[in-house]
Amino acid sequence: MRGRAMAAAGRRRMPDEVRAAAVRTVIFLAVTLVALIFSSLASLAHARKAMTSGLMITGIGVFAVVWGLLEIVISRQIAAQRRRGPGSDSPLAGSRPPRY
């Protein structure tokens, strides 16, 4: 237990907008997987209307998951830029100098 607490203390906390985007993406993924299982079971039961609605929800869910992943990437980049500060024009302005 003690090792876990020390490892968690060493990690940096995700910014709020990144965490919110990650939670939304996981929820979209869960709904998409449930819809996929529902449409698979409806296909086995030969229920066309249920299968069609399940596949539509699955397709919309795939779009939402991809949207969420892009939102995570973009919000991480924005948070990293915010951490570097307003005076840094180049992306590597806050990085370490190169070794020669």
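In which helix is M51 found? Select M51: helix α3 holds this residue. Helices (H or I, at least four residues) and strands (E, at least two) are DSSP runs, numbered from the N terminus.

**Before moving on**

This is a predicted model, where local features need pLDDT of at least 70, side-chain atom pairs count only at pLDDT 80 or more, and totals for chains, interfaces and linings use all residues. Residues are numbered from 1 along each chain as its sequence is written, and side-chain values use heavy atoms, leaving out hydrogens and water.

**Stop 1: the whole chain**

Show the chain as a cartoon. Three helices and zero strands make up its secondary structure. Read from the N terminus, the order is α-α-α. The accessible area of the chain is about 8500 Å², and carbon and sulfur atoms own 68% of that. Accessible areas come from the Shrake-Rupley method with a 1.4 Å probe; for residues, only the protein chains shown count as cover.

Of the 100 residues, 18% are buried. Buried means under 20% relative accessible area, exposed over 50%, and partly exposed in between (1.4 Å probe, protein chains only). Among contacts with a separation of 6 or more, 57% join residues 24 or more positions apart. A contact means heavy atoms within 4.5 Å.

**Stop 2: M51 and A42**

Go back to M51. Its relative accessibility is 26%, so M51 counts as partly exposed. Leave aside residues up to four places away in sequence, and M51 touches S39, A42 and S43.

Next, pick A42, in helix α2. A42 is buried, at 6% relative accessible area. Its contacts, again not counting residues up to four places away in sequence, are A47, A50 and M51. For one more distance, take S53: the C-alpha atoms of A42 and S53 are separated by 9.8 Å, and the two residues are 11 apart along the chain.

**Stop 3: helix α3 end to end**

Select residues 48-84, which is helix α3. The expected span of a helix is 1.5 Å times one less than its number of residues. For the 37 residues of α3 that gives 54 Å, and the end C-alpha atoms are 54 Å apart, which agrees.

Which residues of α3 are buried? Select G54, T58, G61, A64, V65, G68, I72, S75 and A79. These buried residues of α3 pack against α2. Then step just past α3 to G85, which takes a positive phi of about 105°.

**Stop 4: the surface of α3**

Color V62, V66, L70, I74 and I78. They form a nonpolar patch on the surface, with about 430 Å² of accessible area together. Patches are made of residues with over 30% relative accessible area and no salt bridge: like charges are joined within 9 Å, nonpolar side chains (Val, Leu, Ile, Met, Phe, Trp, Tyr) within 5 Å. V66 has a relative accessible area of 45%, so this residue is partly exposed.

Now select F63 and W67. Rings of Phe, Tyr and Trp (its six-membered ring) pair if their centres lie within 6.5 Å; planes under 30 degrees apart count as stacked, over 60 as edge-to-face and the rest as tilted. By this rule there is one aromatic pair. F63 and W67 form that pair, and it is tilted: 5.9 Å centre to centre, with 45° between the planes. Both residues lie in helix α3, four residues apart, about one turn of the helix. F63 and W67 are both exposed.

**Stop 5: the salt bridges**

Side chains of opposite charge can pair when their charged atoms come close. A salt bridge here is a side-chain nitrogen of Lys or Arg within 4 Å of a carboxyl oxygen of Asp or Glu. The count by this rule is four.

Select R13, D16 and R19, which are linked in a network of salt bridges. R13 meets D16 at 3.9 Å, N to O. Both R13 and D16 are exposed. R19 reaches D16 with its closest N and O atoms 3.2 Å apart. R19 and D16 both lie in helix α2 (residues 16-44), three residues apart, about one turn of the helix. R19 is partly exposed, at 28% relative accessibility.

Finish with R24 and E71. Their side chains form a salt bridge at 2.5 Å, N to O. R24 lies in helix α2 and E71 in helix α3, so the pair ties together parts that are 47 residues apart in sequence. R24 is partly exposed, with a relative accessible area of 36%. E71 is partly exposed too, at 27%.
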